[in-house]
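Here's a quick tour of a protein model, meant for someone new to reading structures.

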Amino acid sequence: MTDERTSELLTLALEAAHRAGALLRDGRPDDLAVARTKSSPIDVVTEMDIAAEKLITGYLEDHRPDDGFLGEEGASRDGTSGVRWVIDPLDGTVNYLYGLPTWAVSIAAEIDGETVVGVVEAPMRGETFHAVRGGGARLGDRPLRCRPAPPLDQALVSTGFNYVHTVRTHQADVAQRLIPRLRDIRRSGSAAIDLSDVAAGRLDGYYERGLSPWDLAAGDLIAREAGALTGGRPGEPPSGDLTVAASPGVFEPLQALLEELGAWHD
Ligand code: IPD
Ligand code: CA
Ligand code: CA
C-alpha cells in the first residue's frame, strides 16, 4: 500500500540519497583521511561521512521541518510529526576510505516507530534499491524477489565483523564453525548492501551481530518487501544482538544454527 504520505517520504528519501551519493562519488578527495575514530581505532569517520549526513538532514529539514532524525554521525532530534528518519550517510566507510566500490547511502522513514520507506543508494554500482511497506521492493523500476531457497549447505551467506576487538574475535569463531555448514560466506563491508543483495537474489542470506539501527533500517524493509524473512534471535526482531535476513527456507535453519553456535554473545 502506498498512500500519499509514504509516497512523499519515498520521493524525498530517493532524492536525498541520490544527492548524497553523488557528493560521495564525485567529491571524494584523493587524499581522503580519517577525521576521527569512534568505538575503536578501526571504527573510522571521514569528513565525507559528516558532509553527506549534513546534506541529507539539511534537505529533509527543508522539506519536512517537523520530522525527527537519527543519523549515525550525530543527527538526533525528536520531531512532532510522528515521522523519524533513520540515516546512515555512508555505509561501508572502510571500503570508501580505500577506494573500494561497495558502499551505500541508507535512508529509512519510520511512522510512529514502524519503518515505512527504505532507500539504499549504491552509486559505484549505479543501483538504487527502494521499498515501501506493503508495496514491494524495487531496484530502479524492477520489482525484486529474493532467491528460491537451496538447502542450507548450498547457501551463500554474507556477514560482517564489528569494529570492537572482543566482538570480532567472537564473530570470527562463529564464522569458522559456520563455513563448513554452508556453500560459502562473503564479507562485502556494507550491511545495507548485504540486505539489498538478499532482496535481489544475489545472496541466500546474511547475518551480523552488533548492527545499529541506521545500518539495517532501510535494508531490512527492502529484504522483507522482496519476500525475505528477517529477524534476530528466534522470536525477536532484528537488532544489535543479531540480525538475520534470508530467503524463506534458508532463514529458519540459518537462524537455528546461529542460535546453536551462540552467534549473539561475547
Ligand atoms: C559498517 C558496515 C559493515 C558492518 C559494520 C557496520 P559503517 O557500517 O555496514 O559492513 O560489518 O558492522 O558498522 O561503519 O561503514 O557505516
Ligand atoms: Ca553503517
Ligand atoms: Ca556509516
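A salt bridge here is a side-chain nitrogen of Lys or Arg within 4 Å of a carboxyl oxygen of Asp or Glu. By this rule the count comes to 19 salt bridges. Keep in mind that this is a predicted model, where local features need pLDDT of at least 70 and side-chain atom pairs count only at pLDDT 80 or more, while totals for chains, interfaces and linings use all residues. As for bookkeeping, residues are numbered from 1 along each chain as its sequence is written, chains are lettered from A and ligands numbered from 1 in the order in which they are written, and side-chain values use heavy atoms, with hydrogens and water left out.

- Take Arg 36 and Glu 73: their closest N and O atoms are 3.7 Å apart. Arg 36 sits in strand S1 (residues 34–37) and Glu 73 in the loop between S3 and S4, so this pair ties together parts that are 37 residues apart in sequence. (Helices, H or I with at least four residues, and strands, E with at least two, are DSSP runs numbered from the N terminus.)
- Glu 73 counts as buried at 14% relative accessibility, while Arg 36 is partly exposed at 38%. (Buried means under 20% relative accessible area, exposed over 50%, and partly exposed in between, using a 1.4 Å probe and protein chains only.)
- Arg 133 and Glu 114 meet through their side chains in another salt bridge, at 3.2 Å from N to O. This pair links distant parts of the chain, with Arg 133 in the loop between S8 and S9 and Glu 114 in strand S7, 19 residues apart.
- Both partners are partly exposed: Arg 133 has a relative accessible area of 32%, and Glu 114 has 39%.
- Glu 259 and Arg 233 also form a salt bridge, at 2.7 Å from N to O. Glu 259 is in helix H7 (residues 251–260) and Arg 233 in the loop between strand S14 (229–231) and strand S15 (243–246), so the pair ties together parts that are 26 residues apart in sequence.
- Glu 259 is partly exposed at 24% relative accessibility, and Arg 233 is partly exposed at 26%.
- Some salt bridges share partners, and these join Arg 36, Lys 38, Glu 72 and Glu 73 into one network.

- Which residues hold the calcium ion (ligand 2)? Its protein donors are Asp 88 (OD), Asp 91 (OD) and Asp 215 (OD), lying 2.1 to 2.2 Å from it. (Donors are N, O and S atoms within 2.8 Å of the metal, or 3.2 Å for Na, K and Ca; water is not among the atoms, so sites may look incomplete.)
- Along the chain, those donors follow the spacing D-x2-D-x123-D.
- Glu 72 lies in the loop between S3 and strand S4 (76–77) and Leu 90 in strand S5, so the pair ties together parts that are 18 residues apart in sequence.
- Asp 88 bridges the two ions, ligand 3 and ligand 2, which lie 3.7 Å apart.
- Glu 72 is partly exposed at 21%.

- The protein is divided into domain 1 (4–143) and domain 2 (152–261), with bounds that come from an automatic or database domain assignment.
- The contact takes 39 residues from domain 1 and 23 residues from domain 2. (Contact means heavy atoms within 4.5 Å.)
- Across the interface of domain 1 and domain 2, the rule finds two salt bridges.
- Among the elements giving two or more residues to domain 1's side of this contact are strand S5 (83–91), helix H3 (93–98) and strand S7 (114–122). S7 gives the largest share of that side, seven residues.
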